[in-house]
Amino acid sequence: MKYDQDSLKQMDKRHRARFINSVIGTKPALMVGSQNAHGQSNLAIMSSAFHLGADPALIGLIIRPSESPRHTFNNILETGCFTLNHITADIVEAAHQTSARYPEGECEFDAVGLEKEFLDGFTAPFVAQAPIKLGVTLVEHQLLAVNKTHLIIGEIQLLDVPENAVNHDGFVDIIATGTVAVTGLDHYVQPTSLKRLSYAKVDRWPEEIQ
């Protein structure tokens with residue numbers, strides 16, 4: 001079935017949101033930890049994080065606009081740091097529940113039963129149950145004119161990764177950690193490994209990396 005701009009515009013708003021969010025494919029599902037200047041913690045699941053560069057180690061994060069307060073966004077601008085925490089199957093319901101609109105004074109960690117921890121003096125809170133944790137500091141913030149979403153650019157300052165998930169060549173095997181991903185807004189999937197392929201060159205076909 002084919003869709004054009006007119007047919008997309010005619011869709012119910014929520015139907016269109018689910019459709020467009022899921023058609024792009026699998027995305028990372030990460031919990032973003034933050035706290036304000038008074039120490040009030042916040043935790044929110046997001047699927048908009050992306051790799052931006054390795055030297056320096058940069059992460060991009062898109063936060064959509066809303067008429068309601070964006071506690072995570074406000075905390076990041078206020079304190080200049082946040083954490084990204086991977087999700088596993090045993091905490092996926094709790095992670096999903098962090099998308100509920102809890103009032104500003106209520107801590108999502110407590111509300112959904114996830115353990116908060118602080119590592120090596122980093123200001124923002126991590127999720128203790130997360131197999132992979134990233135501590136990130138704010139480098140740049142841009143308001144995107146095209147749809148009024150916010151682009152957050154951060155630099156990785158701290159990483160906590162299981163030793164058995166890091167291959168000899170630096171590749172992090174998230175499959176080994178049980179990390180889940182998401183399609184759309186609510187469909188969580190458990191990725192399986194297919195294969196790794198060698199660097200592509202015009203004079204030879206890629207070979208599988210063992």
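Reader: Why does Asp169 count as partly exposed?
Author: Its relative accessibility is 42%. Buried means under 20% relative accessible area, exposed means over 50%, and partly exposed is in between (1.4 Å probe, protein chains only). The value of 42% lies in between, so Asp169 counts as partly exposed. A word on the basis: this is a predicted model, where local features need pLDDT of at least 70 and side-chain atom pairs count only at pLDDT 80 or more, while totals for chains, interfaces and linings use all residues. Residues are numbered from 1 along each chain as its sequence is written, and side-chain values use heavy atoms, with hydrogens and water left out.

Reader: What makes the contact of Arg196 with Asp169 a salt bridge?
Author: The rule asks for a side-chain nitrogen of Lys or Arg within 4 Å of a carboxyl oxygen of Asp or Glu. Here the closest N and O atoms are 2.9 Å apart, so the pair meets the rule. It links distant parts of the chain, 27 residues apart: Arg196 is in strand E13 (residues 196–197) and Asp169 is in the loop between E10 and H6. Arg196, at 24% relative accessibility, is partly exposed too.

Reader: How many salt bridges does a search of the whole structure find, and which residues are linked in a network?
Author: The search finds three salt bridges, and the network links Glu117, Lys133 and Asp160. Glu117 meets Lys133 at 3.6 Å, N to O, with Glu117 in strand E7 (residues 116–117) and Lys133 in strand E9 (residues 133–143). Lys133 also meets Asp160 at 3.8 Å, N to O, and Asp160 belongs to strand E10. Both distances pass the salt-bridge rule.

Reader: How do you know whether Lys133 is buried or exposed?
Author: Its relative accessibility is 6%, so Lys133 counts as buried.

Reader: You keep naming strands. What makes a stretch a strand, and when do two strands pair?
Author: Helices (H or I, at least four residues) and strands (E, at least two) are DSSP runs, numbered from the N terminus. Two strands pair if DSSP finds at least two bridges between them. E4 and strand E5 (residues 57–63) are joined by five bridges, so they count as a pair, and they run antiparallel. Among the bridge partners are Phe50 with Gly60 and His51 with Ile59. A hairpin joins E4 to E5 through two residues. On to strand E10 (residues 150–160): E5 pairs with E10 over six bridges, again in the antiparallel sense.

Reader: What is the order of the seven strands in the open sheet?
Author: The order is E3-E2-E6-E9-E10-E5-E4, with antiparallel pairing. Strand E3 (41–46) and strand E4 (49–54) each have a single partner strand, so they stand at the edges, with one side of each left without a neighbour in the sheet. From one strand to the next the twist averages 35°, an angle between N-to-C directions of axes fitted to C-alpha atoms (for helices over the stretch in contact), on a scale from 0 to 180 degrees.

Reader: Why is the pair of Tyr3 and Phe19 called tilted?
Author: Rings of Phe, Tyr and Trp (its six-membered ring) pair if their centres lie within 6.5 Å; planes under 30 degrees apart count as stacked, over 60 as edge-to-face and the rest as tilted. By this rule the count comes to two aromatic pairs. For Tyr3 and Phe19, the centres are 4.8 Å apart and the planes stand at 55°, so the pair counts as tilted. Tyr3 lies in the segment before helix H1 (5–10) and Phe19 in helix H2 (residues 13–23). Tyr3 is partly exposed at 38%, and Phe19 is partly exposed at 23%. Phe122 and Phe126 are also a tilted pair, because their centres are 5.8 Å apart and their planes are at 50°. Both Phe122 and Phe126 are buried.
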